[in-house]
Amino acid sequence: MTHPNRFATPFALRPLALAAALMAPLLAQATNGYFAHGYGAAALGTGGVAIALPQDALVAASNPAGITALGDRLDLGLSWFGPRRSASISGNGVAPDATYSGDSARNFFLPEAGTTRRIDDRWHVGLAVYGNGGMNTDYASNPYARFGATGSAGVNLEQLFVTPSVAYKLSPEHSLGLGLNLAYQRFSAKGLGLFNGFSQAPGQVSDQGDDTSTGAGLRLGWTGQVAPGVTLGATWASKISGRFDKYRGLFANGGSFDIPENLGLGVAWTATPALTLAADYQVIRYSQVAAVGNSAASLFAGQPLGSKPGFGWQDAKVLKLGAVYQARGDLVLRGGVSVTNQVVPAGETFFNVLAPGVIRTHLTVGATWTLPSGGQLTGYYARGLGETVNGNGSIPASFGGGNANVRLKENIIGIAYGWKL
């Protein structure tokens with residue numbers, strides 16, 4: 001069987017790929033599936049809400065129309081991300097019940113940067129650089145060793161976005177925005193050699209080192225003040241094609257690994273001069289990406305890895321709620337919550353030992369202090385409440401039956417500095 005060539009890097013994207021390669025070692029996260037729960041320190045402290053509530057220059061990552069509300073500014077931030085992931089296998093006929101820690105790598109640092117510029121009364125431009133998402137597990141004790149796997153096991157997926165954007169004010173109340181999402185992905189897997197015998201490309205399943213992919217897509221957005229104190233927003237981002245050719249024996253369609261289409265609606269209400277309440281609803285279409293959304297059941301029905309089988313994820317449907325309170329002239333307080341459905345079905349946990357993106361709820365708090373110099377110092381804390389998915393018939397009889405159970409919880413702390421230019 002022939003396989004498509006590696007996803008080509010257009011000449012114009014090569015400098016961006018180089019910049020991304022320098023930053024990517026800092027990026028690995030998993031929140032709403034493997035997308036971040038928000039972008040920009042202010043939004044991250046407000047439950048991730050941003051579609052109708054622009055607060056800093058990273059808003060272009062959520063809705064490029066929002067940059068018209070910001071003027072000329074620059075924001076730089078860094079977050080510490082501390083996931084805790086684990087798995088257990090129970091009722092399996094091959095070996096006794098056991099629990100495994102996926103936390104050999106425990107600390108990750110996520111940089112971000114954004115800037116916006118006002119060209120004239122109608123035109124605005126911006127640039128945002130941020131980690132879109134990722135997934136990391138590192139099991140010193142291999143959960144698949146009972147079936148014949150050797151060495152430590154895990155995966156590492158990193159996604160970095162560079163989003164230049166332009167926005168146009170149709171009127172004082174309404175704006176349209178367009179962003180070009182330039183995406184860099186990096187992936188590696190180890191300790192999965194057991195599955196070479198189940199693949200259409202043996203030897204291209206595991207332990208191939210890092211592989212990278214670049215691609216591009218669009219993000220469109222709108223914001224509009226529809227009543228005094230009420231702003232609505234809408235955003236849509238296209239699917240971005242990607243491929244990991246070194247792992248064409250692991251991922252569906254010969255190594256294809258696209259970044260899913262996502263879309264959302266938002267509302268912000270100025271309830272009082274000091275208090276703004278806001279909400280976003282977002283859909284991330286994981287099920288439309290074969291490598292992520294196809295069920296692993298087809299593997300055990302005779303379809304080899306690298307052809308059709310995937311990780312069986314469902315679409316994420318996310319509700320975000322946030323509040324922003326002007327406590328005094330130089331101090332803003334924030335809080336929020338982000339809740340999503342479970343993207344990992346109970347019948348798909350066997351492979352998702354490697355990718356336990358099972359968090360459903362994030363609680364967040366944050367604040368911004370405006371310094372006498374005019375600069376803004378923003379901090380936030382987000383807690384991803386621990387979530388467990390217990391398998392339901394997830395290990396096939398050919399592997400001794402029973403179930404794999406996966407768990408994830410998270411702590412995220414971030415700080416950013418912004419100033420007007």
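A: Strand β1 pairs with strand β2 (residues 98-101) in the antiparallel sense over four bridges. This is a predicted model in which local features need pLDDT of at least 70 and side-chain atom pairs count only at pLDDT 80 or more, while totals for chains, interfaces and linings use all residues. Residues are numbered from 1 along each chain as its sequence is written, and side-chain values use heavy atoms, with hydrogens and water left out.

Q: Which other strands pair with β1, by how many bridges?
A: Strand β1 (residues 73-90) is joined to strand β3 (residues 108-118) over nine bridges, in the antiparallel sense. D75 has G114 in β3 as its bridge partner. β1 and β15 are also antiparallel, over 18 bridges, and I89 has A404 in β15 as its partner.

Q: How do you know that β7 pairs with β6 and with β8?
A: Strand β6 (residues 174-190) and strand β7 (residues 211-227) run antiparallel and are joined by 14 bridges; N181 stands opposite G217 in β7. Eight bridges join β7 to strand β8 (residues 230-237), again antiparallel, with W222 opposite A234 in β8. β7 and β8 form a hairpin with two residues between them, and G229 in the turn has a positive phi of about 80°.

Q: Which residues other than glycine have a positive phi?
A: Among them is D207, with a phi of about 55°, placed in the loop between β6 and β7. N253 has a positive phi near 55° and is found in helix α3 (residues 252-255).

Q: Why are L178, L180, L218, L220 and W236 called a nonpolar patch?
A: A patch is made of residues with over 30% relative accessible area and no salt bridge, nonpolar side chains (Val, Leu, Ile, Met, Phe, Trp, Tyr) being joined within 5 Å and like charges within 9 Å. A salt bridge is a side-chain nitrogen of Lys or Arg within 4 Å of a carboxyl oxygen of Asp or Glu. Accessible areas come from the Shrake-Rupley method with a 1.4 Å probe, and for residues only the protein chains shown count as cover. These five residues together have about 390 Å² of accessible area. β6 and β7 each supply at least two of the patch residues, and L218 lies in β7.

Q: What makes the largest pocket a pocket, and what is its volume?
A: On a 1 Å grid over the protein atoms alone, a pocket is an open set of points with protein on both sides within 12 Å along at least five of seven lines, and lining residues have an atom within 4 Å of a point. Grid points are joined across faces, edges and corners, and a volume is the space filled by probe spheres set on the points. The largest pocket has a volume of about 920 Å³. Of its 45 lining residues, the closest to the centre are L53, P54, Q55, A69 and L70. Strand β15 (residues 403-420) gives the most to this lining, with four residues.

How values were computed:
1 Å grid on protein atoms, 1.4 Å probe; cavity = no way out; pocket = protein on both sides within 12 Å on 5 of 7 lines; lining within 4 Å. Pairing = 2+ DSSP bridges.
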